[in-house]
Amino acid sequence: MIETYHLSKVYSRGVYALRDVTLSIDKGEFLFLTGASGAGKSTLLRLLLCAEQPTEGTLKVGGRVLSDLTPAEVQSHRRSVGFVFQDFRLVPRFTVFQNVAFVMRVLGVDLATQQRKTFQVWKGVGLQHRMNAYPEDLSGGEQQRVAVARALVNDPQIVLADEPTGNLDPDLSLEIMNLFREANSRGTTVLVATHDLWMIRRVGRRVVGLEHGRVVEVS
Amino acid sequence: MRLLRYAFEEAAASLWRGRRSSLLSTATIAIALFVTGAFLIVTSNLERMAEEWSGAAEMSVYLEDGLGGPERSALERDLRTDASVTSVEFISKEMALARFRQTFPDLAQTLGGMQENPLPASLDVRLRSSSGESAPIDALVTRMRTMPGVADVRYDQDWLDRLLRGVRVLRLVGFSLGGALLLAAALTIANVVRLALTARRDELDIMHLVGAPPAYVRGPFVMEGALHGGMGALAALLVLAAVFFSARPHVLTPLASALNLSSVSFLSPLLVVLIVGGGLGVGCLAGWVASRRA
Ligand SMILES: Nc1ncnc2c1ncn2[C@@H]1O[C@H](COP(=O)(O)OP(=O)(O)O)[C@@H](O)[C@H]1O
Ligand SMILES: [Mg+2]
């Protein structure tokens, strides 16, 4: 599903955020990406979303080279990906419910379906009581759960989650992981970047470790 | 359909959030369309006036005294076969005198002292409306002048041509002025839309990242421009109509009858549609250009 060949990313300051990364992630796999802060986890996820372009090497998703996509294809690729941003990226002007419903709205899904599916995923993240709040009224942990809900609501083919439990206590973290596992059991490929080794052990899936942009361990 | 609804809702919300600057850009386009519309009302009425006048256009062919019946009939037939002639009426010397007495009773007394009737007989010719082509009539006038038995031909329509030319110039001025104001209005709209866009930069980035199609990202801004333009057009039409219909009974109608114009009319439905369409179009275009980098 996801393949990288000698992938490197250099930001403007000349630092290799990723260096010669060759990885293959199967369809339906659940994989943790771990490593210290600055190891390159977020960079790899952003490359997969086409939010950045690789400096060297190639990146394939579903057999297609991402750097060859036209702008319209990039947008449609992004719609097939559920992304949980480390900084949530919620639209402040929308209620949190609208934030989630929006990703279906732009797909032309009718209002009734939007609401049904949003309610469904909303129960999963345990935020039934806060649907009409605005992002700024929510705690970091609550916003994070909204971001998770938005990533899952469209039944994406791939979920890319950047530290999705960074602001949550262990119980909630495991609940979120359960949501990802549920999606995974329905065939979604899941890639979670985290440095939370405790949680990685609890969930017990394949792990790729990064250090200074290089792959250091695969288990 | 959903896209349109989405764009409309978002645009209306954005318009409301920035209602101060929206008011400004709506006002500028309203002024531009008001000026254009006012010129159109004036020029279309003047044009109609010129048409009514030229519809009543007459040419007088004065006959030499003592011209015989057959020669006169030949002249009449000749005139009737001409394509720009609608009717020919013979006015005898006596009829001309009677008419003169009726029109100028004071002068008639001096004339009455004369031995002989000095007024010539004439053929009064009604011409087809000459809006556009004047060449055939000019040709007819020249030909009549050379006919035997014709003393003179009076056809003085240069001023009508001048009027028509004046109307065209006036219309050109109106269009240039309106066009310049529309351009200014388009720039104002584009700036207001760009302002709204800058304020929502973060939001737009998020929309891109969640894969919103360009139409969804840009649509609201194009729609916002269109709303500015449409509202401006409606405002311009309302003010034009208010001014026109309040001035009509006391000012415009008396003016029209003084000018021999049957009535003054407001913009034709086609022009109303064109003005609304113009406003919408300019607004759309401005929004579209402003959201290039959305
Ligand atoms: N936008 C950027 N511009 C410049 N350098 C960046 C940028 N984003 C990340 N980096 C650098 O790239 C390296 C990897 O960062 P990142 O991918 O965020 O790591 P992680 O998510 O594992 O903490 C770090 O050295 C970071 O400073
Ligand atoms: Mg990171």
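An N or O atom in the side chain of Thr43(A) lies 2.5 Å from an oxygen atom of ligand 1 in this predicted model, which is a polar contact, that is, a pair of N or O atoms within 3.5 Å (within protein, one must be able to donate a hydrogen and the other to accept it, and residues adjacent in sequence count only if both atoms are side-chain atoms). The backbone contributes as well: a polar backbone atom of Gly40(A) is 3.0 Å from an oxygen atom of ligand 1, and a backbone N or O atom of Ala39(A) is 3.2 Å from one. On its own, ligand 1 has 560 Å² of accessible area, of which the protein covers 69% (Shrake-Rupley method, 1.4 Å probe; for residues, only the protein chains shown count as cover).

The shell around ligand 1 includes Tyr11(A), Arg13(A), Lys41(A), Ser42(A) and Arg46(A), a residue being near the ligand if one of its heavy atoms lies within 4 Å. Helix α1 (residues 41–48) of chain A gives the most to this shell, with four residues; helices (H or I, at least four residues) and strands (E, at least two) are DSSP runs numbered from the N terminus. By class, the shell has four nonpolar, five polar and three charged residues (Ala, Val, Leu, Ile, Met, Phe, Trp, Tyr, Cys and Pro are nonpolar; Asp, Glu, Lys and Arg are charged; the others, Gly among them, are polar).

Ser42(A) is buried at 19% relative accessible area, whereas Gln86(A) is partly exposed at 41% (buried is under 20%, exposed over 50%, partly exposed in between; 1.4 Å probe, protein chains only).

Elsewhere in chain A, Asp20(A) has a positive phi near 50° and sits in strand β2 (residues 16–25). Asp155(A) also has a phi near 50°, in the loop between α5 (140–152) and β7 (158–162).

The predictor gives the complex an ipTM of 0.89 and a pTM of 0.74.

Residues are numbered from 1 along each chain as its sequence is written, and chains are lettered from A and ligands numbered from 1 in the order in which they are written. In this predicted model, local features need pLDDT of at least 70 and side-chain atom pairs count only at pLDDT 80 or more, while totals for chains, interfaces and linings use all residues; side-chain values use heavy atoms, with hydrogens and water left out.
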